[in-house]
Every structure is written in C-alpha cells, then in structure tokens.
Amino acid sequence: MVDRPITLLTLLTMTTFAESATSFISSRPDSEERGRAWSNFESIGLPTTTDEVWRYAPLAELDLDRFAVPATPTLAPASDFAIALGALAASVVRVVDGFLVDIGDPIDGVTVDLNPTSLTIAGDDPVERYASDAFALANAALCPATVVVTVAANTVVDGPIVIIHSANATASFPRTHLVLERGANATVVEYYEGGAGAIVVPVSEYRVADNASLRLVTYQRLDATTWHVARTTGLLERDGRLSQAVLGMGAHYDRSRNDADLRATGAQNELRTTFFGSGSQVHDFRTHQFHRAPRSRSTLLSKGAVADTARSVYTGLIEIEKGAKRTDARQTNHNLLLSPNAHADSVPNLDIRENDVVCAHASSVGPLNALQRWYLESRGVTRSDAERLMIQGFFLEMLDALPPALARLVEGDVALALQSVPVIA
Amino acid sequence: MTTLTISGLRVAVGGKEVLRGFDLTMHSGEVHVIMGPNGSGKSTLAHALSGHPAYEVLDGSVTIDGVELLSLSATDRERAGLFLAMQQPMEVPGVRLIDVLEAAGAERAGLHERMAWEVRRVDLRPELLERFVNVDLSGGERKRAEMVQFGILRPRFAVLDEIDSGLDVDALGAVARRLAASTDEWGCGVLAITHFRRLLHELTPSVIHVVSGGRVVATGGPELAEVLERDGYEPFRESAPL
C-alpha cells in the first residue's frame with residue numbers, strides 16, 4: 001500500500017474513481033458504447049478472492065478511489081532505459097497513460113493509427129467478448145483509443161517496432177492491436193514503465209493472418225507499487241505464427257492473462273512467460289491455448305522465481321476442440337522458491353475433445369539445478385552469483401527474438417533489477 | 001614453485017568406494033597424464049577434486065602449497081588455483097560465458113578480446129561465444145569452450161577430464177598446444193586424464209601415472225607410454241605385480 005500525503009489540493013479536487021470515469025466517458029464521441037461497458041463493469045463489480053481465478057490477488061487492498069481516470073496524458077520524459085531501447089528500434093511508438101503521443105518513424109508497409117472505438121481486433125463488441133472480465137470491461141470503457149499497428153501483407157520489417165507505455169497518471173487503460181496481414185513478418189516489443197501508486201490495465205490483441213509471423217516481447221517493468229492487470233489475445237490464422245515472450249519484473253500485483261486462439265490449420269503459438277517476485281509481490285499468470293483446427297501447434301514454457309514473501313500463480317489451460325486432429329500442444333512450468341516464506345502454485349489443465357493429438361504438460365516447484373550451479377561454482381563463481389546468473393537466465397532465454405544489441409540492453413536492465421534484490425542465496 | 005599434493009584420497013560415489021587411497025604430487029609447469037581403463041576412478045578423481053555434490057570424500061587430503069582444498073567450497077577451490085575441464089561440460093541455459101568469467105573474477109577490461117583470442121587458439125567459431133554456456137554446442141566444441149575458460153581464468157593447476165574424447169585430430173592438436181603453452185605462459189601445472197593413448201602424441205607429459213582400482217599403480221616417465229602401447233593396461237591391473 002502506498003501512503004500518499006493528502007494535501008489541501010487533493011482534498012479540494014478529490015473525486016471518486018467512478019466520477020472520474022463517467023466524466024471521461026461523457027467526453028468521448030462513442031460515450032454510449034463506453035457507457036454500456038462501464039455499466040457492465042459496475043454491475044459485475046471487481047472480482048473477489050472467493051472467485052477461484054482471483055484467489056491470490058490482494059483484492060482487499062484494492063481501493064479504486066485511490067485512482068482517477070485522466071482526461072489527458074501527463075507528459076514526462078521517458079526513462080533512460082526506454083530512450084536507449086528506442087534508439088535501437090526501427091521505430092518507437094510512445095503511449096502515455098494509454099494515449100498515443102508519438103507514432104514513431106515511418107516504416108514502409110507499417111501504419112500506426114488510432115481506432116476511437118472499443119471494438120475488438122476481430123470487430124466484435126468488447127462487452128460481449130469480455131463479458132465476465134471486469135478489468136477488460138473497464139478498459140473498453142476507459143481506453144482513450146485503440147493504438148493499431150498494421151503490417152501490410154508480405155511486408156518483412158527489419159528491426160523491432162518498440163511500443164513504450166509510460167504510466168504517469170494514477171490510472172491507465174492502454175489498448176493495442178497488432179495486425180499482421182497475410183505473409184507479414186515483424187518483431188514488436190511492448191514495454192511498460194512507471195505506474196507508481198497506479199493501476200495499469202492493458203488489453204492487447206494480435207491478429208496473425210495466413211502465413212504471417214509475429215515475434216513479440218512484452219517487458220513489464222512497472223513500479224513495485226503498481227496494480228497491473230493485463231490481458232492479451234492472439235488470433236492465429238492458417239499457418240500463422242505467434243512467438244510471444246512475457247517478462248514480469250515489476251508491479252505489486254502483476255496479473256498477465258495470455259490467450260491464443262489457434263483458429264486455422266497449421267497455426268503455431270510459442271508462449272514463454274517468466275517472472276521474478278520479491279518483497280510481497282504477486283505474479284499471477286494465466287494462459288489459455290485454444291486449438292480449434294488441425295495440425296495446430298503450441299508450446300508453452302513458464303519459468304519464474306519468488307523470494308521474500310512473494311508468491312506466484314501459474315494456471316495454464318490447453319483446450320483442444322473436436323476435429324483439431326494432429327494437434328501438438330505442450331506446456332512446461334518451472335517455479336523456483338528462494339525463501340521459505342515464498343510460495344508458488346502451478347495448475348496445468350487439459351481439456352481435450354479430440355483423440356488424434358499429442359499433448360503433454362510438466363510442472364515443478366523446486367530449487368535451482370544443483371549440477372548446473374556446481375558447474376558455475378567450479379569456474380570460481382560464488383554460489384550467490386551463480387544463482388543470480390541462473391535466475392537472470394530465465395529472462396535472458398526469453399529474448400532470443402530480439403536483435404543482439406537490443407537483447408543485451410534488456411539483459412542489462414534485468415541484471416540491474418536483480419542486483420537490487422538482496423535475497424538471492 | 002607451486003605444488004599440488006593429493007594424498008590418501010578416498011572417495012565414494014553412490015555409497016561405493018571408487019578412489020581407495022590415491023596419491024599424486026606435481027609441480028607448476030609440469031604436464032602429468034593419468035591413464036587407466038574405464039572404471040579405474042579417473043573421472044571420480046576429477047569430480048572429487050572440484051567438489052561435485054555427488055562425490056563423497058571419505059578420507060585424504062588435497063593441497064596446493066599446503067592449503068587444504070577439501071574443506072573449501074567448489075568456488076574457493078577454483079579460486080585457490082584448481083580448475084577442472086569437464087568430460088561433459090554442462091549446458092547452462094540463459095547464462096552467458098562472458099558473465100560467468102566476469103563473476104569468476106576475470107578482469108572486465110578487454111575480456112571480450114581475450115576471449116576472442118582464446119577462441120581462435122582452439123579453432124572455435126567466434127559466434128559460439130554469444131550462445132548461452134555450452135547450449136547447442138557439440139561435444140567437441142564444449143571441450144574447446146572449456147579451454148577458453150581455462151585460458152581466461154589461468155589456474156595454477158588444471159585437471160582435464162578426458163579432454164581428448166570427441167575431438168578430431170586437428171582440434172586435439174590445437175587443445176594440446178594451448179595446454180602446453182600455458183606451462184610457459186603462467187607456469188600452469190597440467191593434469192590430463194585419459195584412457196586414449198593418442199593424447200600422448202599431442203601433449204608431451206613429463207610424468208605418466210597409471211591408475212587401477214582407485215589408486216596409482218605405476219608412475220614413470222614417457223617410457224611408460226611405450227609399455228602401455230605395447231602391453232595395454234593388463235599388466236597394471238591392481239593386484240598384478242609390475
């Protein structure tokens with residue numbers, strides 16, 4: 001919990017979250033649709049910990065009235081790290097408090113646009129699509145506009161497109177659509193920073209058309225006080241490939257739901273998630289790989305570590321529809337406990353309605369590989385450095401989609417973040 | 001001059017005593033070769049010296065200039081000057097060699113350049129340095145990557161466990177030349193373990209130890225290699241008289 005000194009100014013301007021939300025909604029051209037999403041949000045309300053999928057979220061401490069929906073972005077310089085990241089990108093898109101503030105350098109075949117509506121990437125009504133998800137409904141009501149990055153058919157983008165999300169206001173609801181048209185190929189980095197004492201609720205959707213390929217790295221490096229509730233969905237068409245890495249480093253409560261809808265033959269999804277938790281952080285990762293077509297493939301690797309009194313949850317569902325013959329779906333989850341008071345839960349689930357499939361899952365909660373650690377020690381590395389390198393390695397393995405210079409930059413940032421944690425070994 | 005002394009070393013693996021009173025003394029700048037048939041305890045010696053968690057030391061002593069190593073952690077044994085080049089170097093996903101060497105105490109300035117030089121000396125492809133430690137490297141490449149670590153860390157004594165297996169003739173020659181050069185460059189003591197005689201053609205040892213049944217059964221000069229060449233290990237079996 002953050003202690004915020006209550007100044008005379010804030011007393012004078014204090015409003016409830018709901019007041020700031022309705023004021024924001026009434027200022028938008030599509031206020032009717034947003035109002036519908038908002039009233040659905042209000043009627044289902046925030047989840048509670050009696051709901052199994054929210055069991056580990058510290059919802060009792062979540063007081064929305066600490067937050068206010070901003071009418072305009074609060075502009076502030078990005079961090080040195082974000083600037084360095086941008087310097088290595090083919091183009092940098094900047095989003096502040098959910099508002100697009102810079103569309104970046106032009107790239108042939110790539111457009112960056114705003115869609116003022118809250119429609120999903122498939123053109124559906126978000127109130128139906130996210131009917132039971134309070135946070136996604138709030139995003140549908142309160143996102144300033146959808147940032148849409150489109151890579152035209154058969155365009156191969158050299159170098160990554162970096163989307164820098166800065167959270168300066170106390171509440172932000174960014175929404176991003178990445179559209180890879182037929183045969184397109186691109187690498188995108190979504191980076192989140194800031195968010196002190198704030199709530200950040202991103203909704204991202206990715207459409208990977210026939211034979212297109214999207215490599216995506218999401219690096220969440222928000223403040224240790226942030227509530228981060230994110231949801232991503234990949235829609236994969238025939239032979240479309242989505243390779244997604246999600247790195248959760250920051251936030252007080254870090255929830256990341258990553259779904260893939262493998263809706264056509266030959267679609268491929270590789271999802272890798274990793275997190276490091278310290279203090280009283282909670283990392284809550286949820287995945288759903290939905291195989292709806294033959295010869296679709298998914299591999300999921302989740303690796304994370306928790307120290308101090310941090311806790312982590314990994315819940316992954318592989319669902320295979322009848323008729324999705326010769327589907328190959330694999331799920332692996334390794335959790336590392338670095339303190340006796342840290343806790344990790346791992347819940348893999350399978351729902352298979354087709355016989356002609358290969359499906360496997362494995363999960364473990366335990367210490368680091370002792371022989372690998374010994375090998376490093378026998379080179380003269382101390383035990384604590386060996387453990388730090390190996391944990392850092394969880395993150396480094398996630399970065400192979402990036403060009404080496406950019407990967408090294410993120411590696412350096414991960415190493416810096418881990419150095420400030422005194423609990424390893 | 002620095003002296004490595006192994007005396008009365010007894011080591012068990014999985015409850016079975018494999019080294020049964022192993023003695024060996026060597027000095028800096030020397031090249032010694034330990035030869036023996038499979039199962040004679042050669043690899044156990046290498047692992048026990050560097051503190052592998054699965055090897056239990058029952059008795060004995062290993063010192064460098066009188067400093068007891070067996071009471072030290074694996075880290076401190078290396079820092080005391082003992083380096084092990086492994087028979088099957090382990091993959092460590094997500095960890096880069098340069099970070100390992102830095103954490104091991106290698107001087108940061110010019111490290112990348114020194115690594116590149118060591119890579120060339122053992123005919124490794126330079127791009128392998130960018131990979132995670134030993135990940136996606138062939139057996140022979142891993143052996144040579146161990147030599148890169150060796151060249152950077154510059155130990156007082158290096159124990160090389162079956163460094164010749166998995167290497168073709170050219171690579172073996174490069175590795176042997178690298179090892180031989182180290183005896184001049186910083187007076188490294190080289191203790192090479194092998195069960196192939198071909199290493200002796202590349203690396204000229206001053207002393208050969210024949211191991212059988214978990215202890216040294218014969219020690220001699222290069223002429224011992226000729227006896228092994230002619231008669232094999234059979235005359236050296238533990239109970240057989242020399």
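**Exercise 1. Two helices of chain A**

In this predicted model, determine the handedness with which α8(A) passes α9(A), and then describe the contact of α8(A) with α9(A) by residue class.

Solution. 

Step 1. The crossing of α8(A) past α9(A) is right-handed.

Step 2. Helix α8 covers residues 383-396 of chain A and helix α9 covers residues 404-419 of chain A; their axes come within 10 Å and cross at roughly 140 degrees.

Step 3. On the α8(A) side, the contact is made by R388(A), I391(A), Q392(A), F395(A) and L396(A). On the α9(A) side, E411(A), V414(A), A415(A) and L418(A) take part.

Step 4. Sorted by class, the residues of this contact are 6 nonpolar, 1 polar and 2 charged.

**Exercise 2. The sheet of chain B**

Find the strand order of the open sheet in chain B, and state which strands stand at the edges.

Solution. 

Step 1. The sheet has 6 strands in the order β6-β7-β8-β3-β9-β10 (chain B), and the pairing is mixed.

Step 2. The edges are taken by β6 (82-85) and β10 (215-220) of chain B. Each has a single partner strand, so one side of each lacks a neighbour in the sheet.

Step 3. From one strand to the next, the twist averages 20 degrees.

Step 4. Strand β9 (residues 207-212) of chain B runs antiparallel to β10(B), and 5 bridges join the two. Within this part of the sheet, V210(B) has A218(B) of β10(B) as its bridge partner.

Step 5. Helix α1 (residues 42-49) of chain B packs on the sheet, where it touches β3, β6, β7, β8 and β9 of chain B. The direction of α1 makes about 140 degrees with that of β7(B).

Step 6. Another helix, α5(B), lies across β6 and β7 of chain B and runs at about 165 degrees to β6(B).

**Exercise 3. The contact between the chains**

State how many residues each chain gives to the contact, and identify the element with the largest share on the side of chain B that touches chain A.

Solution. 

Step 1. Chain B gives 23 residues and chain A gives 22 residues.

Step 2. On the chain B side, the elements giving two or more residues are α2 (74-79), α3 (97-103) and α5 (139-153).

Step 3. The largest share on that side, 4 residues, comes from α2(B).

Step 4. By class, the chain B side has 11 nonpolar, 8 polar and 4 charged residues.

Note on methods: Residues are numbered from 1 along each chain as its sequence is written. Chains are lettered from A and ligands numbered from 1 in the order in which they are written. This is a predicted model: local features need pLDDT of at least 70, side-chain atom pairs count only at pLDDT 80 or more; totals for chains, interfaces and linings use all residues. Axes are lines fitted to C-alpha atoms, for helices over the stretch in contact, and angles run from 0 to 180 degrees between N-to-C directions. A crossing is left-handed if the near helix is turned anticlockwise from the far one by less than a right angle, and right-handed if clockwise. Two residues are in contact if their C-beta atoms, placed from the backbone, lie within 7 Å. Ala, Val, Leu, Ile, Met, Phe, Trp, Tyr, Cys and Pro count as nonpolar, Asp, Glu, Lys and Arg as charged, and the others, Gly among them, as polar. Two strands pair if DSSP finds at least two bridges between them.
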